[in-house]
Every structure is written in structure tokens, then in C-alpha cells.
Amino acid sequence: MITVFGSINMDLIATTERLPKPGETVAGNGFATAAGGKGANQALAARRAGRYVHMAGAVGKDAFAAEALALLDDAGTDLSLIKHVDGPTGTALILVGGDGENMIAVVPGANGQVTPADAETAIGRMNEGDILMLQLEVPAAAVEGALSAARAKGVTSILNLAPLIPDAPRLGRLADIVIANETEFERLAGQEGMDAPAREAALVRLHAETGQTLIVTLGADGVIAIRDGSISRAQGLKIEPVDTVGAGDTFCGYFAASLDDGLDFVSALRRAAVAGSLACLKAGAQPSIPLSEEVADRI
């Protein structure tokens, strides 16, 4: 079983020919709303990959709450660990440029009311060998509580080191498996501007220090990882991206689901990378997450 402990948002998405520079206003050419939040996105990805998933988090008592949970509910995700709190549901304001790149501002809303007690409740329902997936869009104290409880219970923890909050390097040391993009990994390693050889050397060094499984997503260049002292690589698909906003979360959810399904590590990386590529072919975070059959066909 997979439990995702994290954020639930409504995404407000505007598309433009190009992203604005600081202080600049550009004309938009489209607008849409979509369910999002890194936690909810990853939960839906794991569910669409075919695994049983609990989502733990919080939504507000507003018009966005039901819409933010709709796709998770439709997919059969267990929502019994989600609390409804006073105030607004979390929102993300997203600009997507004509090349598929994006800029995002997140307003936590109800996500800011997730607590260490909620973490204890979620992990209390888990068993040894289950998988806990976390991100950093809920308070750091809640994430730390969940990681500590998971380790005490023998639950495998996967931490996606995003967004890059000040506590990210410290919290990253507490997880069994860490997933980061290039920028996030540089913060974890304490070294900026890495080229490929420097990144691999840093992976080896950190792995030797912590024993953790470390995974770095590289966009169009695929993924590099280290586990049990061995470096692995995997490639996604060669595509022309429409919207990259859901790619990282899709990778994380599919990776967790693949491990939960018993795939070997390299096969899990490859399946997750292909799923992440497919997520770039549609707009929006959750609507773009592919079904397991689509991923299998492309592999």
C-alpha cells in the first residue's frame, strides 16, 4: 500500500506565448483550472499506475475543496485521511509559456494546517514494508514527524525534495529514498553549478555518507540514481512538450507504484521516466497524468 502525505491544491493556469521577465506584463492566450498540489498529483499518478493509495492532507471549506479532490475520488483513491479545515483550499498560480516551461506561485491555504499529529494518524494505518511518499508543500514539522514515524514502523519513505524550502537539505537526510531535480540536488549536496561528472561524484559521496537511495531527474536527459552502491540511468521519451508542470509528480507517483508492484529498481526508473514524458503532452498537472496502459504501450 502507498500513503501519500502532502498537499492538495487547485491550480489556476494561464498560458502565454512566453514567460514574463521580472517586472514585465505579457498577454495571456488561455486560462483553465485543474486539481493539483504535489501530494495529490503524486497520489493520482500512483493510483493511475495501478496501486492502492491513501491520500493524507487537508482542504478548506470552500468551493475549491470538492473540485480539488474530484479526480482522486474518481480514480478510487482512499480519501479518509483528508481533513476539512476552516479557510481556503491551497491554490497554485501557474504561468505556462509557449515552449512548455512554467512559473508557479503556491498559496498554502489548508495545507498549512497539516500537523505532526496528522502524520501520526496516517502512519498509524500503515504496516511494515508499505510506502510513504512525501513532498515539501506542507509544514516541515509535519514532514519530519511523518519521516520519523515511518522509520520507527519500518515503512519505506520516499521524499520528493520539492519545493525547495530552507529545511530541504535537513529533511532530505531523514528519508530512505530521495527524489530531486538538478537544482534541488545541488542544494542537498551543498554544491552549485554541477556538470554531469560533478553530479555523479556528488551522488556517490552522499550515498556513501547516508546509505540512501538518491534519484536525480534531468528533464529531457532522463534520470540518474544510486542505490546499493550502484549508479543507474534511465531515459524517458523524445517529445515536444506542451506543459511540463505535472512531469515531476508523475515520475514520483509512478516510481513509488512500480516499487510497490515489485518491479526492480532500474525498471521502476524507466517506467517512471516514460510516464513523466507522457505527462508533458497535455496541459495541467492531474489531467496530464497517463494511465498505466498508456505507459506500458510506450515502453
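Reader: Which element gives the most to the lining of the largest pocket?

Author: Helix α8 gives the most to that lining, with five residues. The model is predicted, with local features requiring pLDDT of at least 70 and side-chain atom pairs pLDDT 80 or more, whereas totals for chains, interfaces and linings use all residues. Residues are numbered from 1 along each chain as its sequence is written, and side-chain values rest on heavy atoms, without hydrogens or water.

The largest pocket has a volume of about 1300 Å³. A pocket here is an open set of points, on a 1 Å grid over the protein atoms alone, where a 1.4 Å probe fits and protein lies on both sides within 12 Å along at least five of seven lines; lining residues have an atom within 4 Å of a point. The volume is the space filled by probe spheres set on points joined across faces, edges and corners. Lining this pocket are 45 residues, of which N181, T244, V245, A247 and G248 are the closest to its centre.

Two or more lining residues come from each of the helices α1 (38-48), α6 (182-189), α8 (247-260) and α9 (265-279). The strands that do likewise are β2, β6 (90-96), β7 (102-107) and β10 (177-181). By residue type, the lining divides into 24 nonpolar residues, 14 polar and seven charged; Ala, Val, Leu, Ile, Met, Phe, Trp, Tyr, Cys and Pro count as nonpolar, Asp, Glu, Lys and Arg as charged, and the others, Gly among them, as polar.

Helix α1, one of these contributors, is mostly covered, with ten of its eleven residues buried (under 20% relative accessible area with a 1.4 Å probe, protein chains only; over 50% is exposed and anything in between is partly exposed). Among those buried residues are K38, N41, Q42 and R48. Just after α1, G50 has a positive phi of about 105 degrees.

Strand β2 spans residues 9-16 and holds I13. I13 is buried, because its relative accessible area is 8%. Beyond four places in sequence, I13 is in contact (heavy atoms within 4.5 Å) with G30, F31, A32, A34, I94, V96 and G284. By contrast, 22 Å separates the C-alpha atoms of I13 and G112, which are 99 residues apart along the chain.

F255, leaving aside neighbours within four places in sequence, touches I158, I177, I179, I215, F265, A268, L269 and A272.

The structure holds zero disulfides, that is, pairs of cysteine sulfur atoms within 2.5 Å. C252 is in no disulfide, and the nearest cysteine sulfur, that of C280, is 13 Å away. With a relative accessibility of 1%, C252 counts as buried; C280, at 8%, counts as buried too.

Two loops have backbone features worth noting. A162 and P163 are joined by a cis peptide bond with omega of about -5 degrees, and P163 lies in the loop between β9 (156-160) and α5 (168-172). In the loop between β12 (223-227) and β13 (230-234) lies D228, whose phi is positive, near 50 degrees, in a residue other than glycine. D228 is exposed, because its relative accessibility is 72%. Most residues other than glycine have a negative phi, and most peptide bonds are trans.

Technical notes:
Helix = DSSP H or I, 4+ residues; strand = E, 2+ residues; numbered from the N terminus.
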